[in-house]
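The sequence and the coordinates come first, and my entries follow.

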Amino acid sequence: MRFPSSRSVMQCAAQAMLCLLVFNVRAVAHESPPAPSGGTRMTLQATATAAVPLDTVRITLAAETEAADQAAASQQLAAVLSAAAKQAQGAAGITSHTGNYGIWPSRDRAGKINGWHGRGEIVLQSRDFAAASALATRMSSEAAISNIVFVLSRQARQTQEHKLLGQVAQAFRARALAAARAFGFSGYRIEQLDLNGAGPVSPVPHPLPMMRMAAKADEVNAPLEGGNVVVSVSVSGTIVLR
């Protein structure tokens, strides 16, 4: 009985290994995901905007005190702010909270401390401009109005953004169809979309000279008008022309 030579055995093993590798390559190629469909891609953007009335006012009232020592300045300031805060408690539709608060020394030319100065704030916030203005005027005997800003509430901004969402979607579809036809295509399909909002609206300051004229509670205060702010929603995306 003749046994195969070692060379023949090596050749058979090599052929078997080659067949196995070919089989694995075909299996991997069969299991790989299909290649993405071709087509001409285009990136578009659409924006919808609206002018929305600022619906919330923030009025900052500040009180200042001076005393010979730090403890006295702090006690005096706390008493003034407490009296002012009591006037704001229970006001319908108006919220209040303390703002900035600080006690610091004053110095003479030689750099020595010759007294203490204190300043504290109370902030009123309301969607009722007239009520907030009237309350701030009554509190002006304890603390002077130092700042007025108007803001758009989160609820109002979200409500407006929801309204604009339908408009910006319609605008994007119209622009996509117009672009497809302009380049000789009959239509498109949307491949990717990114929705963006304008984010929080920055406070809008109100000039103070007219407000400071009404120093007494029985004087008629100047009406507050917040004005409008622009809220926008934009969408960008990629379409495939077909």
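How many bridges join β2 to strand β4, and in which sense do they run? I found eleven bridges between β2 and β4 (residues 113-126), and the two run antiparallel.

Before going on I noted the conventions. The model is predicted, so I kept in mind that local features need pLDDT of at least 70 and side-chain atom pairs count only at pLDDT 80 or more, while totals for chains, interfaces and linings use all residues. Residues are numbered from 1 along each chain as its sequence is written, and side-chain values use heavy atoms, with hydrogens and water left out.

**Entry 1: the chain as a whole.** I counted five helices and eight strands in the protein chain, taking helices (H or I, at least four residues) and strands (E, at least two) as DSSP runs numbered from the N terminus. Read from the N terminus, the order is α-β-β-α-β-β-α-β-α-β-β-α-β. Of the 242 residues, 33% are buried, where buried means under 20% relative accessible area with a 1.4 Å probe, protein chains only. For contacts (heavy atoms within 4.5 Å), I noted that among those with a separation of 6 or more, 83% are between residues 24 or more positions apart.

**Entry 2: strand β2.** I returned to β2 (residues 56-67), which is mostly covered, with nine of its twelve residues buried. Its Thr-65 stands opposite Gly-118 in β4. Strand β5 (residues 144-151) is also antiparallel to β2, joined by seven bridges, and there Leu-61 stands opposite Ile-145. I count two strands as paired if DSSP finds at least two bridges between them.

**Entry 3: the three-stranded sheet.** I then traced an open sheet with the order β1-β8-β6 and antiparallel pairing. Its edge strands are β1 and β6, each of which pairs on one side only, and the twist averages 20° from one strand to the next. Between β1 and β8 I found 14 bridges in the antiparallel sense, and Thr-40 has Leu-241 as its bridge partner in β8. Helix α4 packs on this sheet, touching β1, β6 and β8, and its direction makes about 145° with that of β1; the axes are lines fitted to C-alpha atoms, for helices over the stretch in contact, and angles run from 0 to 180 degrees between N-to-C directions.

**Entry 4: helix α4.** Over its 29 residues (154-182), α4 reaches 41 Å from first C-alpha to last, close to the 42 Å expected at 1.5 Å a residue, the expected span being 1.5 Å times one less than the number of residues. At Leu-164 I noted a bend of about 25°, that is, the angle between axes fitted to the seven residues ending there and the seven starting there. The buried residues of α4 include Gln-160, Glu-161, Leu-164 and Val-168, and its buried residues pack against β1 (40-53), β6 (188-197) and β8. After the helix comes Gly-184, whose phi is positive, near 85°.

**Entry 5: Val-231.** Why does Val-231 count as buried? I put Val-231 in the buried class because its relative accessibility is 2%. It is found in β8 (residues 228-241). Leaving aside neighbours within four places in sequence, its contacts include Ala-48, Val-52, Gln-160, Glu-161 and Leu-164. Finally, I recorded that Val-231 and Ala-50 are 181 residues apart in sequence but 5.5 Å apart in space, C-alpha to C-alpha.

Technical notes:
Buried < 20%, exposed > 50% of the residue type's maximum accessible area, 1.4 Å probe, protein only.
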